[in-house]
Structure formats: structure tokens, C-alpha cells
Amino acid sequence: MAAARCLPMLLLLLLLAGAEAGGGLYSREANEAAATASAAEFRLVRLNQLWEKAQRVGLPAVRLAELHSDLRLQEKDELSWKKLKAAGLDEDGEREARLRRRLEVTMTKYGLSGKKEGQHWETNHIQEGFAQDGLGDPRLEKLWNKAKSSGKFSEEELERLWREFQHHREKVHEYNILLETVSRTEDVHKNTIDRPAEEESAARKELLHRKHSELKEQLHSINQGFERLRRVSHQGYDSASEFEEPRVIDLWELAQSTNFTAQELDSLREELKHFEAKVEKHHHYQKQLEISHQKLKHVEGTGDKEHLGRNKEKYAVLEEKTKELGYKVKKHLQDLSSRISRGLQHNEL
């Protein structure tokens, strides 16, 4: 009987010991402890915490659906990485570092990092973005204000241009995070007192070389993007332009700088057209979700429970569709980017 009474206390001590031994962001204890498994939106605890925080701070409906897609893709890649690590396939930690950088970009993008600079991402870019979002760069602000007052753009074209400006701002932020990471890595490499073995030193140098190549590629893309924004802001949109979506334009310009054959480029062009149509469909659902959200808030104030129930049901369907389509767009974009990046790396070789 005494042993039976001691058993619960023993279990409690074991649980506490396990909690104290927990690791960092990507440890099994931190991420896969099944916290309220039935109610959790994601399998990884850290992502659930971000999702719950986003709901608490009142992120707009469209931004919330967009965040859900980002977190879902993050979770998929983190779980894949865990399998690779268990098989010893991320010895230099580069894949883990990429995941950390991407999560940091996501947190800042949605104002969840605690940094002041992230707060201007919280505004709903569809209805309020033109008036309230900041671009964080005087050059971009100047170009945007000039384009708005030029009279060369319809309302639809201004919305399209605004997406391009936002996309550019996001690229700059990702570049800055990568630059900071490379600087920290170089400092550690220079200041290490105990020099590593020769092969480990060579591995670090190779890692730094890859990061510098990535920096160079991103900076080239940023410079190209700024020149395009400058040109479009002054001249307006070219009706003969092959693509409209900024992410697709970036991918196509990158693809043309690889050594892809003419046949491979033709095939990619068709795939990019299909991808752009998917992106436009996603934008359509985002707009419908925002309209549905506004209607729902209006009906909540009327006290009509039957009408409220119907609107909640419609909103829930639109929300799920927007999340799902957003995930598919981001996954497709990731696949396209990886293929084109491999083509660029082959060029360097």
C-alpha cells in the first residue's frame, strides 16, 4: 500500500525532471509535448503558442488565415527536418538555421516577435493597407506616394502595386535577418579560442560560403525588384507584361538567369501561369473572407441569433478555404523557388 501511495509522487517527480531537462526551440520536449492534443491547432507547441498569441492580439481575419498557412508550412518542414537530423543528415545545422530564420521572419511579419518594427504588419492589407501600413524605407515611401498621386493607376492596379511594395519590403527584411546570421557566424568563427579540427574548419568555411552566396543572390533580387518598382511607379504597368504577381515576376526573372534549356523555360512559364492563377484565386478568397468578417461583426451587433448563426457558418467555410488555398500557394511557391535556386547553384558550378 505504501508503494502504491508513493507512485503518484514518483510520476510527478519524473515529469518535473523531464520539464527541467527540456531543450531549445527545436527540442522534442519543447515542441512535441502533447499539450491539449484535442484542441491544439498544430503538433508543435511553439507554433501553437504563436497561433494563440495572434488570436489574442486581434490579428485581422485575412492576416490570421495567412499566418495559419505560414505556420502549417513551417510545421511540415520542421517535422521533416527532425527526421533528417535523426538520420544524421544535418550535421552542420544549416537546415535548422534556415528554419529558425524563417520563423523569425514570420514572427516579425505578423507583429508577433515583440519588436516594434513588426507592428506595421498587423494592418489588413486589403482594405486598410494603403492608408496605414508603413514601408520602412524612405525611398519606397517616395515611390509609392508618387505612384498614388500620378493618376496612372486604376484602383485595381494600385492594389497590385501595393502588393509588389509589400513583397519587396519582406525580401529586404529576410535579407537583413540572413546578414545578421552570417555576421554572428563569422564572429564565432574568428573568436573561437580552441581551433576546431581541420575538417571541421573546412566545413564551417563551406557553410559561410553558402550563406554568402545566398546573400549575394538575395541582394541581386532586391536590387532588381527596386529597379522594377521604380520603373513601374514612373511609367505605369506594361499591358504586354507576361506576369502580374510579384512573386511570379521574381521567379521568372531568376529562371531566365539560369542555364535552363529553352524547353525547360517554356515548361516553367506554363507552370508559373498556373501558379499565378492559383495566387489570384487565393486573393479572391481573401477578399471574400474580409467581407464576410465585416458582415459578421455587423450582425453580432444586431442580436439576431439566427442571422448570426448563418453568418458564422459562412465565415467558417470561407476561413478554412482561405487557409487551405494559402497553404497550397505557399507550398507551390516553395517548390518552384527550390527548383530555380538549384538551377542558379548549377550555374555557379
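Predicted model: local features only at pLDDT ≥ 70, side-chain atom pairs only at ≥ 80, totals over all residues.
The burial pattern of H7 was examined next. Leu140, Leu143, Trp144 and Ala147 are buried in this helix. Viewed down the axis of H7, the buried residues fall within an arc of 95° and therefore line one face of the helix. An α-helix has 3.6 residues a turn, so residues three or four places apart point the same way. Pro138, Lys142 and Ser149, on the other side of H7, are exposed. At the start of H7, the backbone nitrogen of Arg139 has a side-chain oxygen of Asp137 within 2.9 Å. Gly151 follows the helix and has a positive phi, near 80°.

Helix H3 (residues 45-56) packs with helix H4 (residues 61-86) at an angle of about 175°, the two axes being 10 Å apart. H3 is therefore roughly antiparallel to H4. On the H3 side, the contacts involve Leu47, Leu50, Trp51, Ala54 and Gln55, which meet Leu64, Leu67, His68, Leu71, Gln74, Glu75 and Glu78 in H4.

For the protein as a whole, 12 helices and zero strands are assigned. Of the 349 residues in the protein, 42% are buried. Among contacts with a separation of 6 or more, 73% are between residues 24 or more positions apart.

Notes. Residues numbered from 1 in each chain as written. Heavy atoms only, no water. Buried < 20%, exposed > 50% of the residue type's maximum accessible area, 1.4 Å probe, protein only. Helix = DSSP H or I, 4+ residues; strand = E, 2+ residues; numbered from the N terminus. Arc of directions from axis to C-beta. Polar contact = N/O pair within 3.5 Å; in protein donor to acceptor, adjacent residues only side chain to side chain. Axes fitted to C-alpha atoms, helices over the stretch in contact; angles between N-to-C directions. Parallel < 35°, antiparallel > 145°, perpendicular 65-115°, else oblique. Contact = heavy atoms within 4.5 Å.
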